[in-house]
Amino acid sequence: MAATPPTQVVIPHAPWFTDDRLGMFVHWGLYSLAARHEWVMYRESMSVGEYSKYFEHFDPDLYDPREWAAAAKNAGMKYVVLTTKHHDGFALWDSALTEYKSTNTPCGRDLLTPYVAALREAGLKVGFYHSVIDWHHPDYTIDGNHADRNNPHWQELNKTRDGAKYREYLHGQVRELLSNYGQIDYLFFDFSYPDVATANPDGGAKFAGKGANDWGSVELMEMIRDLQPGIVVNDRLNVPGDFVTPEQYQPAGAMLSGGKEVPWEACQTLNGSWGYDRDNLDYKSSEQLIHMLIDGVSKGGNLLLNVGPTARGQIDPRAHQALAGIGGWMHLHSRSIYGAGAAGITAPQDARYTLRGNRLYLHLFAWPFQFIHLPGLAGKVRYAQLLNDASEVAMMVLDPGQAAGHMTPAGQASGTLTLKLPVQRPGV
Ligand code: JFZ
């Protein structure tokens with residue numbers, strides 16, 4: 001390949017991130033018992049008291065993070081990111097700063113210690129998700145994104161709430177997470193919403209959101225860099241991070257921040273819910289998920305694919321099936337994913353290019369009618385083969401009119417390389 005590819009933007013202190021490309025997101029906590037979306041407390045406007053039934057019954061007897069690690073590894077994932085605390089405020093570790101933690105439930109143990117150990121043992125990078133939103137902490141002011149937003153006394157309640165105290169708590173918990181579990185490779189904060197204004201039932205704007213000042217983001221980021229110099233952090237503290245996180249959509253191309261290209265990672269659900277959602281059967285197919293991964297890599301991005309384990313701690317069979325499908329494909333095709341990125345060449349219809357070194361990979365989302373025409377590539381490819389079985393693919397340069405179709409003005413297809421493929425798409 002002689003084309004000059006765009007250079008992948010890397011995170012200087014963590015080049016692994018843009019090589020690894022595929023990670024597993026795990027949303028797991030008290031909401032897994034409700035089994036109807038991780039925002040259930042908010043959606044159903046449950047009070048802390050009402051929600052406490054899940055705290056009282058949290059007993060993940062089948063929790064074995066080695067199984068999670070094995071599932072991730074078999075799917076070709078290189079890093080795993082677990083919700084240490086989601087918006088409900090419940091801590092999966094033995095935090096000294098709260099009683100609202102796994103050790104005080106029937107579970108009775110710190111869940112992060114075995115998680116971190118299992119990932120390291122499997123050679124996976126260790127990631128934490130941490131919610132800056134907290135529907136449980138008594139000093140977190142009630143706003144339109146709060147589970148208690150419909151409480152008629154929210155204004156009086158807020159007078160007793162001290163944002164500075166919550167900030168201190170947030171920083172303290174992050175300090176614990178980054179001090180007590182060895183090297184942490186990745187941190188995903190969630191999330192800022194400084195410009196959102198939600199209407200009150202009685203008219204006026206209830207809140208103007210929370211952002212960098214509320215979290216003390218600048219100081220928090222300094223502390224993080226100090227405690228874990230090698231870590232990568234996302235951008236949801238509303239101060240610059242190491243990468244950006246488009247959620248549940250695929251960007252059109254490279255992503256920019258302040259006019260500069262930045263590393264990015266799309267996060268995606270299997271079925272539209274991040275937490276375990278028992279009755280939701282709307283699963284993406286393995287093929288769709290693989291296409292998502294390829295599409296992202298072809299634009300220089302990563303994919304963080306989510307599973308929501310059950311309240312007993314297991315990845316359910318539907319999620320396993322999706323992961324296994326990805327794993328089967330990755331087993332034969334990961335060379336076109338790891339360390340690969342955008343090729344800087346426009347791909348034909350229903351196709352994507354990824355480039356690793358001087359190897360160009362053509363991914364076909366729809367199988368063509370035996371021949372596929374690749375504009376601009378004539379004379380630039382030395383050898384072509386299928387990736388799944390390394391079988392040779394015949395290459396030819398047709399005369400321009402023939403390659404482009406006889407209705408096309410002669411000359412337009414010059415430089416087009418044509419590949420002759422098997423009639424049937426090879427089974428993988
Ligand atoms: C957040 C959470 O609220 C959600 O439960 C889940 O954890 C997800 C990964 O992150 O949801 C968001 C956060 C940011 C945006 C949208 C949903 N956003 O920036 O558009």
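The questions and answers below concern this predicted model.

Colleague: What is the radius of gyration of the protein chain, and why does it count as compact as a globular protein of that length?

Modeller: The protein chain is built from 13 helices and 14 strands. For its 428 residues the globule rule gives 22 Å, and because the value for the chain is close to that, the chain is as compact as a globular protein of that length. The radius of gyration itself is 24 Å.

Colleague: What percentage of the residues in the protein chain are buried?

Modeller: A residue is taken as buried when its relative accessible area is under 20%. Applied to the 428 residues of the protein chain, that cut-off gives a buried share of 53%.

Colleague: Among contacts between residues at least 6 apart in sequence, what share joins residues at least 24 apart?

Modeller: Here one starts from the contacts in the protein chain between residues at least 6 apart in sequence, and then asks which of them join residues at least 24 apart. The share that does so is 68%.

Colleague: Which residue meets Asp61 in a salt bridge, and where does that partner lie?

Modeller: Asp61 sits in the loop between α4 (48-56) and α5 (65-74), while its partner, 251 residues apart from it, lies in the loop between β9 (301-307) and α12 (317-333), and the pair thus links distant parts of the chain.

Colleague: Are the side chains that form the salt bridge of Lys210 and Asp143 in residues that are buried or exposed?

Modeller: The two side chains meet at 2.5 Å, N to O. Lys210 lies in the loop between β4 (186-190) and α9 (212-215) and Asp143 in the loop between β3 (125-131) and α7 (154-159), so the pair ties together parts that are 67 residues apart in sequence. With 7% relative accessible area for Lys210 and 2% for Asp143, against a cut-off of under 20%, both residues count as buried.

Colleague: Which residues do salt bridges that share partners join into one network?

Modeller: The structure holds 13 salt bridges, one of which is formed by Asp64 and Arg66 with their closest N and O atoms 3.2 Å apart. Where salt bridges share partners, they join into one network the residues Asp295, Lys299 and Arg352.

Terms used
Residues are numbered from 1 along each chain as its sequence is written. This is a predicted model: local features need pLDDT of at least 70, side-chain atom pairs count only at pLDDT 80 or more; totals for chains, interfaces and linings use all residues. Side-chain values use heavy atoms; hydrogens and water are left out. Helices (H or I, at least four residues) and strands (E, at least two) are DSSP runs, numbered from the N terminus. The radius of gyration is taken over C-alpha atoms; the globule rule is 2.2 Å times the number of residues to the power 0.38. Buried means under 20% relative accessible area, exposed over 50%, partly exposed in between (1.4 Å probe, protein chains only). Contact means heavy atoms within 4.5 Å. A salt bridge is a side-chain nitrogen of Lys or Arg within 4 Å of a carboxyl oxygen of Asp or Glu.
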